[in-house]
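Here is a short tour of one protein chain. Take a look at the sequence and the model, then read on.

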Amino acid sequence: MVAWLFAALVIVPIGRAQDAAQPAPFKKEEIEQLVAPIALYPDALVAQILMASTYPLEVVSAARWSKANPSVKDKALEDAMQKETWDPSVKSLTAFPSVLAMLNDKLDMTQRLGDAFLGQQKDVMAAIQRLRAQARNAGNLKSGKEQKVTTEQEGGTTIIRIEPTDPQVVYVPTYNPTVVYGPWPYPAYPPYYYYPPGYSAGSVFFAFTVGVVVGNAMWGGCHWGGGNVYINHNTYNNFNKTNINTGDWNHKAEHRKGVQYRDQASQQKFGGGQRQGVDSREDFRGRAEQGRQDIARGGADQMQRDGPGDRAGGAGDRQRDAGGARDRAGGGDRGGGQQAGAFDGVGRGADTRAQSNRGASSRASAGGQSRAGGGGRAGGGGRR
């Protein structure tokens, strides 16, 4: 329910974003607040989380699928993902149910993380490195049987890499961000955190989940010196059954599913295709509403022409006509270029109420015309 309510808040007509005051860039402390729960994850997993966070509604869909299919793993998982239409980064996280559960449960964090990554990618990458350095200095980031922690120079900067000790088995760390990094320096921006079921924050502040056999699900990478992420296209191709030959990662607006971009720069860069989708939906709503008004006016005219014996049958015909209009309306939306899905209609409450009010006005007008023609016809209008 929380996820649906949040989705209703974020899916708004894109055109309104350009009329609103532009938000300020995320501050350093805000970004550290957002990346605190994932900064100590393996590099590849961090990269894939950052990619997937730019598609928050697909994350919700994947989390629900993962919860409903806990036993689907390894090769069966790869095969199952071929049937889904989510972005590959979202599909990959189904190999890490606890990560998807966190991103779904903290959906506000997920969307803000994605916004920060799209608008300030280098700042996000730098914040992760700062937090890793703090955790290492506090004695809470080190190599072990679950992970390998190394320090090296990249792009003239000292960076900390985290990799699985066994590339085929990933242990996702669970930790208390207010402890693992040392004293948190931003009281006004406490870090996000997530504790999976069974984790006791009071007894231990750093632990690992059960190892996940990932197969080809780990294909991301972090270019820390350049402040960006990339794709290991060989592993990526194996997991996604594709044949790309580049390691570049690019955000794909079609997987955004209508979620508003936070700032105008991101909207201009990525949201061009969304404007057309919004226009199509608005055009469809106009046609559907016009059709309902035509039906109402036609029904009133027909009632004036009908005799007493025809009106009872006519009411049933008009009910069937209205049902057919509703069926055609649903098909019209799909024909407008937007694929029907679990989230279609979310955030359209205001449109629905407005259409309902206009429909009520049309029925009231029809009723008035009927009453003008006689008391019997007014009764027939009431039944309609």
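Among contacts in the chain between residues at least 6 apart in sequence, what percentage join residues at least 24 apart? It is 73%. Contact here means heavy atoms within 4.5 Å.

This is a predicted model, in which local features need pLDDT of at least 70 and side-chain atom pairs count only at pLDDT 80 or more, while totals for chains, interfaces and linings use all residues. Residues are numbered from 1 along each chain as its sequence is written, and side-chain values use heavy atoms, with hydrogens and water left out.

## Overview

The chain has 17 helices and eight strands. Helices (H or I, at least four residues) and strands (E, at least two) are DSSP runs, numbered from the N terminus. The chain holds 384 residues, and 46% of them are buried. Buried means under 20% relative accessible area, exposed means over 50%, and partly exposed lies in between, with a 1.4 Å probe and protein chains only.

## Two helix pairs

Start with helix α5 (residues 56–68) and helix α8 (residues 97–105). Their axes come within 9 Å and cross at roughly 135°. Axes are lines fitted to C-alpha atoms, for helices over the stretch in contact, and angles run from 0 to 180 degrees between N-to-C directions. The helices α5 and α8 are therefore oblique to each other. Angles under 35 degrees count as roughly parallel, over 145 as roughly antiparallel, 65 to 115 as roughly perpendicular, and the rest as oblique.

The crossing of α5 and α8 is left-handed. That term applies if the near helix is turned anticlockwise from the far one by less than a right angle; clockwise gives right-handed. On the α5 side, the contact uses V59, V60, A62, A63 and S66. On the α8 side, P97, L100, L103 and N104 take part. By class, this contact has seven nonpolar, two polar and no charged residues. Ala, Val, Leu, Ile, Met, Phe, Trp, Tyr, Cys and Pro count as nonpolar, Asp, Glu, Lys and Arg as charged, and the others, Gly among them, as polar.

Now turn to helix α4 (residues 43–52) and helix α10 (residues 121–137). They pack at an angle of about 145°, with axes 12 Å apart. Their crossing is right-handed. D43, V46 and L50 of α4 meet V124, M125, I128 and R132 of α10. By class, the contact of α4 with α10 has five nonpolar, no polar and two charged residues.

How many of the ten residues of α4 are buried? Ten of the ten are, so α4 is largely enclosed by the rest of the structure. Among them are A44, Q48 and M51.

## Links across the sequence

D115 sits in helix α9 (residues 107–119). Leaving aside neighbours within four places in sequence, D115 is in contact with F26, R256 and R262.

N140 lies in the loop between α10 and β1 (147–154). N140 and Y175 are 35 residues apart in sequence and 9.9 Å apart in space, C-alpha to C-alpha.

## Aromatic pairs

The structure holds six aromatic pairs. One of these joins Y175 and Y181: it is edge-to-face, at 6.0 Å centre to centre and 85° between the planes. Rings of Phe, Tyr and Trp (its six-membered ring) pair if their centres lie within 6.5 Å; planes under 30 degrees apart count as stacked, over 60 as edge-to-face, and the rest as tilted. Ring pairs also link Y175, Y181, W184 and Y186 into a cluster.

Most residues other than glycine have a negative phi. K241 has a positive phi, near 55°. K257 has a positive phi too, near 60°. K241 lies in the loop between α12 (233–240) and α13 (264–270). K257 lies in the loop between α12 and α13.

The table gathers the accessibility of some residues named above.

| Residue | Relative accessible area | Class |
|---|---|---|
| Y181 | 3% | buried |
| Y175 | 4% | buried |
| D115 | 9% | buried |
| N140 | 17% | buried |
| K257 | 39% | partly exposed |
| K241 | 44% | partly exposed |
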